[in-house]
Amino acid sequence: MESNKVKVRIYGQEYTIAGEKEEDSIRKIAAHVNEKMRELGRSFSNNGQGTLAVLTAINLADEYFDMRAKADDLAKENQKLKEETENYLKLWEEAKKNFVQYKEAAAKALDEKKAEEDKYKQLQARCSEFESSFFDLQMENLQLKRELEEYRKNNEG
């Protein structure tokens with residue numbers, strides 16, 4: 001990136017500032033320094049410009065370190081949120097996996113239920129057949145008993 005040279009006025013004096021930042025950025029920075037010097041100049045009007053420049057630099061350094069501490073805190077919070085997000089994503093993936101397993105188990109159970117119902121119907125049909133056969137045997141038994149009684153009657157007398 002090329003170096004930009006910008007003429008700015010800070011606390012009544014003109015300076016040429018060279019930097020890689022855009023001209024607007026350099027002007028904003030210079031305006032900020034100018035404003036801070038004017039604020040301090042109103043409070044400490046008896047001090048010379050050198051002292052005022054040092055006090056401004058100290059105040060700007062203080063702002064910088066405050067902002068840096070906030071940025072560090074935000075970075076830590078961001079890292080914590082990333083870790084929590086990763087944990088929740090892991091839990092979500094496990095939940096999806098468990099849901100798929102549950103669906104498969106439910107489908108299997110449904111198939112088994114259908115198979116058991118089919119077996120039950122077959123057993124019911126066999127029971128009906130046995131009941132019919134049993135009824136037929138009872139009827140045949142009754143018939144045979146009658147025939148036996150008739151046979152006995154005929155042979156006795």
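This is a predicted model: local features need pLDDT of at least 70, side-chain atom pairs count only at pLDDT 80 or more; totals for chains, interfaces and linings use all residues.
Local features are given where pLDDT is at least 70, side-chain atom pairs count only at pLDDT 80 or more, and totals for chains, interfaces and linings use all residues. Residues are numbered from 1 along each chain as its sequence is written, and side-chain values use heavy atoms, with hydrogens and water left out.

The protein chain has two helices and two strands; helices (H or I, at least four residues) and strands (E, at least two) are DSSP runs, numbered from the N terminus. Their order from the N terminus is β-β-α-α. The radius of gyration, taken over C-alpha atoms, is 50 Å for the protein chain, well over the 15 Å that the globule rule gives for 157 residues, so the chain is more spread out than a compact globule. That rule is 2.2 Å times the number of residues to the power 0.38. Along the principal axes, the C-alpha atoms of the protein chain fill a box of roughly 160 × 35 × 20 Å. Of the 157 residues, 8% count as buried, where buried means under 20% relative accessible area, exposed over 50%, and partly exposed in between (1.4 Å probe, protein chains only). Among contacts (heavy atoms within 4.5 Å) in the protein chain between residues at least 6 apart in sequence, 22% join residues at least 24 apart.

Helix α1 has 21 residues, which at 1.5 Å a residue should span 30 Å; its end C-alpha atoms are 31 Å apart, in agreement with this. The expected span is 1.5 Å times one less than the number of residues in the helix. Buried in α1 are Ile 26, Ala 30, Asn 34, Lys 36, Met 37, Leu 40 and Gly 41. Seen down the axis of α1, these buried residues fall within an arc of 165 degrees, so they line one face of the helix; the arc is that of the directions from the helix axis to the C-beta atoms. An α-helix has 3.6 residues a turn, so residues three or four places apart point the same way. Asp 24, Lys 28, Arg 42 and Ser 43 are exposed on the other side of α1. The cover over the buried residues of α1 includes β1, β2 and α2 (49–156).

Which residues make up the largest nonpolar core? There are eight: Val 6, Val 8, Ile 10, Ile 26, Ala 30, Met 37, Leu 40 and Leu 52. β1 (4–10) and α1 (23–43) each supply at least two residues of this core, and α1 gives the most, with four. A nonpolar core is a set of buried Ala, Val, Leu, Ile, Met, Phe, Trp, Tyr and Cys residues joined through side-chain atoms within 4.5 Å. Neighbours within four places in sequence aside, Ala 30 is in contact with Val 8, Ile 10 and Ile 17.

Asn 34 also lies in α1 and counts as buried because its relative accessibility is 18%. Beyond its neighbours within four places in sequence, Asn 34 is in contact with Arg 9, Ile 10 and Tyr 11. Tyr 11 lies in the loop between β1 and β2 (13–19). Its relative accessible area is 26%, so Tyr 11 is partly exposed. Phi of Tyr 11 is near 50 degrees, a positive value in a residue other than glycine. Most residues other than glycine have a negative phi.

In helix α2, Asn 59 is partly exposed, with a relative accessible area of 32%. Asn 59 and Lys 36 are 23 residues apart in sequence, with 8.1 Å between their C-alpha atoms.

The structure holds one aromatic pair, formed by Tyr 64 and Phe 65, with 5.1 Å centre to centre and 70 degrees between the planes, which is edge-to-face. Rings of Phe, Tyr and Trp (its six-membered ring) pair if their centres lie within 6.5 Å; planes under 30 degrees apart count as stacked, over 60 as edge-to-face and the rest as tilted. Tyr 64 counts as partly exposed, at 43% relative accessibility, whereas Phe 65 is exposed, with a relative accessible area of 52%.
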